[in-house]
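Please read the numbered points with the sequence and the model in view.

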Amino acid sequence: SFPTRRSSDLEDAYRKAGNAGARYFITWNIRRIVVWKTDEPGVQLVNRVVYDQEIISGEIESPESLARADFQEELRAGIRAVLGFLSSLFAGLFEPRFLPIDRIFIARLEAALDHPISATSFALVGRATSDRTFRIQFESWMRDTQGWLVTPAAEMENITRASRFTCYVLVNRLCFYNALRRKYEDLPRLTTANNISTGSMLERRLQRAFNDARRFTGDYESVFDGDFGDTLPFLADDAVSDWREMVRLLDNYDFAHIDVDVIGAMYERLITPVERHRYGQHYTQPRVVDLMTALSIQAGTDRILDPGCGGGTFLVGAYRKKSQLSPELDHSELLASLYGCDILHYACHLTTINLAIRDLIDDDNFPRVHRGDFLAYQPGQVFSSQPVRIQAGGLTTRIESSRLGENAIDVVIGNPPYISAKGIPMDAKARYLADARHTWPNFNWKPSSDIYLYFWLHSARFLAEGRSEEH
């Protein structure tokens with residue numbers, strides 16, 4: 001394991017390596033192989049990772065899955081890779097270095113989620129089979145909220161995806177709750193007592209904590225408010241002990257001081273390449289983001305819009321670039337000129353976290369994130385709402401709305417959805433085409449246009465005169 005289900009798994013492996021006098025030891029939970037250095041003065045055991053590789057990319061639905069030819073090939077390739085690493089290591093060809101904390105954190109998190117995800121899948125199968133009302137609600141959530149294809153042939157794929165998705169959403173919330181405690185010192189420490197033994201008990205305990213977070217902050221509904229899907233991780237009673245251990249694991253990290261795009265990395269791993277392509281979502285590598293922000297952002301006061309913000313990667317890059325250009329701007333001033341929009345609740349959830357985590361101490365730490373179809377948003381409408389306080393750390397006194405009008409934005413940046421004309425629903429396509437013809441009447445519009453073209457042209461309505469920065 002990484003450890004998979006208990007930190008004692010790692011400690012047990014460490015003790016055995018120490019007793020054998022081994023300089024390094026390996027943990028392996030079939031999916032992931034990790035190499036640890038046994039002893040290193042001043043470095044905690046959990047941070048002594050010198051090699052970490054996930055070798056099984058597909059879902060392991062049963063022990064029989066490992067007999068599949070593609071799994072067998074992945075296993076062989078993974079074992080050859082780790083043996084090659086160890087051979088070079090012991091031959092003295094390089095000096096091992098510990099992996100950075102963000103990569104270790106992600107690896108531990110993913111490994112710790114293995115059993116809760118599989119337990120949730122198993123519970124989902126049972127509940128959907130035995131409870132017709134639940135099945136209707138579940139299928140409605142997948143079809144209407146997530147936009148997934150719901151067919152008998154896709155049933156097991158959807159159950160696996162739903163389990164993975166909702167467990168990651170829950171972990172995001174747990175992480176952000178812990179990060180908020182850096183500023184809101186009276187926000188209770190998140191703990192789960194050992195007598196919490198059922199999913200319903202755990203759900204009530206965590207919901208109280210998330211309600212506390214909303215009450216203390218006056219905002220972050222996009223993070224802590226949920227839907228039917230948020231009930232799914234609590235279906236499996238036998239995963240409760242794993243969630244209790246997860247809460248303890250997260251309590252060991254100070255998220256507000258991890259200066260990396262940890263949540264964005266989780267988003268990248270959550271959405272597989274196949275699924276990203278199907279829904280027009282693409283995660284952009286940080287170096288590409290840095291290049292694009294360097295080419296487009298000219299001043300720290302530039303107003304930035306990402307109309308399909310996904311996990312918020314471009315907006316985080318814009319935040320960093322603007323802070324470099326104008327270091328006198330504080331966190332709230334930087335946030336006030338960054339606007340993100342996405343049609344998916346979870347994408348808005350991640351963007352909010354990614355921007356807020358830049359400086360949790362600032363009292364006006366409320367990103368401008370709009371959940372909805374950007375192509376349906378019209379200039380002058382309410383884009384987002386933020387709480388206003390009379391004094392620092394005080395209670396919310398009123399809600400202030402942000403609006404985007406024409407000529408309101410200096411730079412439009414991002415990675416828009418790449419959905420072909422064939423993949424756009426007919427009613428949406430008709431609406432997009434009618435709006436484009438109305439706004440740009442001199443262009444010969446055709447129904448065969450892909451969605452990204454509509455995105456850029458609609459974005460241009462918000463660009464200030466004299467600026468034509470779309471990237």
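**Notes on the structure**

1. Asn158 counts as buried, at 2% relative accessibility (buried means under 20% relative accessible area, exposed over 50%, and partly exposed in between, with a 1.4 Å probe and protein chains only). Asn158 has its place in helix H5, residues 155–180; helices (H or I, at least four residues) and strands (E, at least two) are DSSP runs, numbered from the N terminus. The side chain of Asn158 reaches the backbone oxygen of Leu149 at 2.9 Å. A polar contact is a pair of N or O atoms within 3.5 Å; within protein, one must be able to donate a hydrogen and the other to accept it, and residues adjacent in sequence count only if both atoms are side-chain atoms.

2. The model is predicted: local features need pLDDT of at least 70 and side-chain atom pairs count only at pLDDT 80 or more, while totals for chains, interfaces and linings use all residues. Residues are numbered from 1 along each chain as its sequence is written, and side-chain values use heavy atoms, with hydrogens and water left out.

3. Helix H5 also contains Met156. This residue is partly exposed, with a relative accessible area of 42%. The C-alpha atoms of Met156 and Ser121 are separated by 8.8 Å, and the two residues are 35 apart along the chain.

4. Asp230 belongs to the loop between helix H7 (221–224) and helix H8 (240–250). Its relative accessible area is 18%, so Asp230 is buried. The side chain of Asp230 reaches the backbone nitrogen of Asp227 at 2.6 Å.

5. Three strands form an open sheet in the order E1-E2-E3, with antiparallel pairing (two strands pair if DSSP finds at least two bridges between them). E1 and strand E3 (49–54) stand at the edges with a single partner strand each, so one side of each has no neighbour in the sheet. E1 and strand E2 (residues 32–37) run antiparallel and are joined by five bridges. Thr27 stands opposite Val34 in E2.

6. Ile26, Trp28, Ile30, Ile79 and Leu83 make a nonpolar surface patch of about 430 Å². The elements giving two or more residues to this patch are strand E1 (24–28) and helix H2 (69–90). Ile79, which lies in helix H2, is partly exposed, with a relative accessible area of 33%. Accessible areas come from the Shrake-Rupley method with a 1.4 Å probe; for residues, only the protein chains shown count as cover.

Technical notes. Patch = residues over 30% accessible without salt bridge, like charges linked within 9 Å, V, L, I, M, F, W, Y side chains within 5 Å. Salt bridge = Lys/Arg side-chain N within 4 Å of Asp/Glu carboxyl O.
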